[in-house]
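Here are my notes on the model, written as numbered points that you can check against the coordinates. Have the viewer open as you read.

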Amino acid sequence: MLHVLTVHHKDPAWIAPQADRFDRFLPHDSVRWAVLDGIDTQYHARFDHVVDIDANHPARLNEMARLVSEHAESSDVLMFVDGDAFPLRPVEPLVAALADVPLIAVRRDENLGDPQPHPCFAITTVGFWNEVGGDWQPGYEWRNSAGDLVTDTGGNMLGALRAHNAPWRALTRRNTSELHPVWFAVYGDDEFGAVAYHHGAGFRDRRARADGAPVDAPMGKLTSRVYKRVPGFETAHAAQLRWRQARWERSVRAEQDSNAEAVFDDLVRNDDFYRRFLT
């Protein structure tokens, strides 16, 4: 049996487009689990189990997996899907592929070389999840392509896989036409083709590390030394950072928000909307 685990936060807009793809691409006997944080009960009908879990996003996924594990068989399948993501084709071939590799998941190489499996779209068995101590929380660290030591959602899962010397199969970005280097992602591989879509930042401010937003830029060594020694520099530096951030938001993020709205409108009306990113 396939158990689908997803989270929607404060906004019900993604429930219908996601559930419609579940109807189309998942086995008819799949069981749908969801956290619908701050969303009216009228939307609960699209899911089999709606649970109230007061935690951050990865902890909510972990807890839903634990609840499923209480009653599921070890051979049952867990499919983790972000609220602003969904499959683009029937998932049965992915389920069958778990016989050869125990975890299939998105890997966001485009996000400054992130190496970890990401739960925006991931599939594994109940048995494997519990065997390795599955955990989507950040914690385990790596050095990204910018040279910074970082962690992110899925970090502990990468650590668990490495600790158990366990293989996994990465679904990578297939976009050949881009509106953004991280958002609006079509994931898959050469065998499966396009497997899943992840809109990105569907429930939060639209900013990625790859954007180079001023507030995300690390302070240089010289700036740091001046910051500590020159009276008034701290206030001046903070004011300059706020000005640069506001300018960035008026230009870069404003364009991203506009693109996100246009793509969302398209995906609601058109099942083949994602092909624009593959041409």
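1. Let me begin with the start of α2, where a side-chain oxygen of Asn56 comes to within 2.9 Å of the backbone nitrogen of Ala59.

2. A word on the ground rules. This is a predicted model, in which local features need pLDDT of at least 70 and side-chain atom pairs count only at pLDDT 80 or more, while totals for chains, interfaces and linings use all residues. Residues are numbered from 1 along each chain as its sequence is written, and side-chain values use heavy atoms, with hydrogens and water left out.

3. Back to α2, residues 57–69. The end C-alpha atoms of this helix are 19 Å apart, which agrees with the 18 Å that its 13 residues should span at 1.5 Å a residue; the expected span is 1.5 Å times one less than the number of residues. Helices (H or I, at least four residues) and strands (E, at least two) are DSSP runs, numbered from the N terminus.

4. How many of the 13 residues of α2 are buried? The count is 10, so the helix is mostly covered, where buried means under 20% relative accessible area, exposed over 50%, and partly exposed in between (1.4 Å probe, protein chains only). Among them are Pro58, Arg60, Asn62 and Ser69, along with Leu61, Met64 and Val68. The buried residues pack against β1 (2–9), β2 (31–37), β4 (77–82), β7 (117–125) and α4 (126–131), with contact meaning heavy atoms within 4.5 Å.

5. Buried residues make up 49% of its 279 residues. Of the contacts between residues at least 6 apart in sequence, 66% join residues at least 24 apart. The chain exposes about 13,400 Å², with carbon and sulfur atoms supplying 48% of it; the areas come from the Shrake-Rupley method with a 1.4 Å probe, and for residues only the protein chains shown count as cover.

6. On charges, the structure holds 16 salt bridges, each a side-chain nitrogen of Lys or Arg within 4 Å of a carboxyl oxygen of Asp or Glu. One of them joins Arg46 and Asp23 at 3.0 Å, N to O. Arg46 sits in the loop between β2 and β3 (49–50) and Asp23 in helix α1 (residues 15–25), 23 residues apart. Arg46 is partly exposed at 28% relative accessible area, and Asp23 is partly exposed at 46%.

7. Helix α1 also provides Arg24. In its salt bridge with Asp271, the closest N and O atoms are 2.8 Å apart.

8. Another salt bridge pairs Asp190 with Arg174 at 2.7 Å, N to O. Asp190 lies in the loop between β11 (185–189) and β12 (193–198) and Arg174 in the loop between β10 (169–173) and β11, so the pair ties together parts 16 residues apart in sequence. Asp190 is exposed at 71%, whereas Arg174 is partly exposed at 27%. Salt bridges that share partners also join Asp20, Asp23, Arg32 and Arg46 into one network.

9. Now the rings: there are 9 aromatic pairs, counting rings of Phe, Tyr and Trp (its six-membered ring) whose centres lie within 6.5 Å; planes under 30 degrees apart count as stacked, over 60 as edge-to-face and the rest as tilted. Phe86 and Phe273 have centres 6.1 Å apart and planes at 70°, so they are edge-to-face. Phe86 is in strand β5 (residues 85–87) and Phe273 in the segment after α7, 187 residues apart. Both Phe86 and Phe273 are buried.

10. Which way do the rings of Phe184 and Phe277 pair? They are stacked, because their planes are at 5°, with the centres 6.4 Å apart. Phe184 is buried at 1% relative accessible area, and Phe277 is buried at 1%. Lastly, Phe86, Tyr197, Phe273 and Tyr274 form one aromatic cluster.

Notes: Polar contact = N/O pair within 3.5 Å; in protein donor to acceptor, adjacent residues only side chain to side chain.
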